[in-house]
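User: Hello! I am new to this structure and would like to go through it with a few questions.

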Amino acid sequence: MNAAARILVIEDETNVGRTLTERLTAEGFRVTWAKTAAEAQAADAREPPALALLDVGLPDGSGFDLAAVLRHRHPQTAIVFVTAFGTPEDRVRGLELGAEDYIVKPFHFKELLLRIQNALRRATLLSQTESRFERPLRVGRARIDLKRMEVQTDERTVTLTHKECAVLTLLLEKQGAVLARDEILDRAWAPDEFPTPRTVDNFIVRLRRMIEPDPGEPQVIRSIRGVGYQLDAHAVRDAEA
Amino acid sequence: MNTRSHSATAQRGRRWFALGAMVWVLVLLALMSWWGWVVHQQSEKIVELQRIAGVSETAAEARWEATQRMLLWEGGTLLVLLAGISFALVRLYLRDQRRTNSLRAFFASVTHELRTPLTSIRLQAESLADAGNSSPLVERLLEDTSRLEAQVEKTLELARLEGGGRLDLQPLPIHAWLQHQVQSQAAGRTVAIELWPADALPDALVLADRSALEIILRNLIENTIRHSKLLPAKVRITARECDTALVVSFVDGGEGYGGDPAQLGALFMRGERSRGAGVGLYLIRVLMQRMGGDAEFSSRPGSGFETHLHFQRAEESA
């Protein structure tokens, strides 16, 4: 499906970096290997990758900082952390930075491959659906640019994660109609991520904080008890109209 | 972030320590005041008795001063000794704490450094196996890599938890998770895992940290393989509801444990024929308790080993 996708491997350990590059190339990916954050930024500037496999402990900086830079430059690039730092706090930090996945070393190559394919599948789906919302939209109190994966309010500009973007796109596609939680789960998450209805609820809470005039009394994304959510079609308009 | 949670725990510890020290100083001050009051009272009584006994004023005054000096010296020596011993104990405690912390940090960092070379060994062994060189040598290499990984993981997780590390509890569909994990963790291992009966597992949400749960499952599988009389080793997983908890039981067909069952799950407790470090079962219990549940172990020699994991259930979404 994503056999020709370009992957940027950012890994300072020679043996791990070389073996990953060889094995991913054998799987049909176009792989670039960077040993430092500076090399990664240069490679990213030459050609943005579809996916970045990112180590946290790099010789010239933190992988977390590099992830923020890469996401700012090309929000469409899926980021997957592959690191020896495996505490829950590290995982949460990585995912909060918008990473698609967080894999702790050591790992099985087949598992890594599966997670890469899941991340790329979501990124591809996202780019297809985004094309339907090329122009920036105003939803509630926020200006949403799905192409740049950005939400702007009076106070701040937030870069959306791929999953937040996927959930928002689904709501926009079905604006006015009720969107079931199960449908959101099926389309925005892979089965091996074990999402639960509460996972969807948490994402909705985050989106409400960005777009609702009063997140405590949501009017733009309404809860339909026992079923799912409904985006108020009247709250959506062209941002440049 | 990691540092943040550690420093929060250390700060809590320091706060308790300061509170204890303050209470102890207050106790010493109270003891001092009480002793002063006793000395004063006794001195007055002695003066009174001497007056009744008709002792001359000069002699009475001299005796009164001598008695007061003696009482003050006795009390003062006792209090100085108490304060000195307390100070020495606090110093020893703090020095021991520093040594324990630096040892823990050293082991954690060494173990952490092992993760990257282990990744390299696993990647290359898997490459050999996938390239069609699945000789017994490569299989043994992969098996031993798994054992080393499990050991590293246990040591790191133990150091993290003992250092006050926290878990990330999320609702988890335990049935689906077990089905997926059983497949992936049994792949390439000499173990046969049976979810029995698969459909009877309640499709419930439990509160769990996925990484902690993976460590628990890996430990149980590792134990089963290590203590099995026959290969492939066999594990049967069942689940039942128990009041507000969900109990997942792992029963293996291994050689069991012949020692005192109450010792199971104690830190550094090893069976007579066990090759482990005595950390696995302890870690399982601590992780389950941190997830709001508990772990029970039971075994009889020759009749296998049973682990019952009690999970806290997560509420369904509206």
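This is a predicted model: local features need pLDDT of at least 70, side-chain atom pairs count only at pLDDT 80 or more; totals for chains, interfaces and linings use all residues.

User: In which helix is B:Val23 found?
Analyst: Residues are numbered from 1 along each chain as its sequence is written, chains are lettered from A and ligands numbered from 1 in the order in which they are written, and side-chain values use heavy atoms, leaving out hydrogens and water. Helices are DSSP runs (H or I, at least four residues) numbered from the N terminus. B:Val23 lies in residues 2–53 of chain B, which is helix α1.

User: Is B:Val23 buried, partly exposed or exposed?
Analyst: Buried means under 20% relative accessible area and exposed over 50%, with partly exposed in between (1.4 Å probe, protein chains only). The relative accessible area of B:Val23 is 47%, so B:Val23 is partly exposed.

User: How many residues of chain B are in contact with chain A?
Analyst: Contact means heavy atoms within 4.5 Å. On the side of chain A, 33 residues take part. In chain B, the number is 34 residues.

User: How many salt bridges are there between chain A and chain B?
Analyst: A salt bridge is a side-chain nitrogen of Lys or Arg within 4 Å of a carboxyl oxygen of Asp or Glu. One example joins the side chains of A:Lys110 and B:Asp130 at 3.8 Å, N to O. Between chain A and chain B, the count is four salt bridges.

User: Which elements of chain A give two or more residues to the side that touches chain B?
Analyst: These elements belong to chain A. They are α1 (14–26), α4 (88–96), α5 (109–130) and α8 (197–211).
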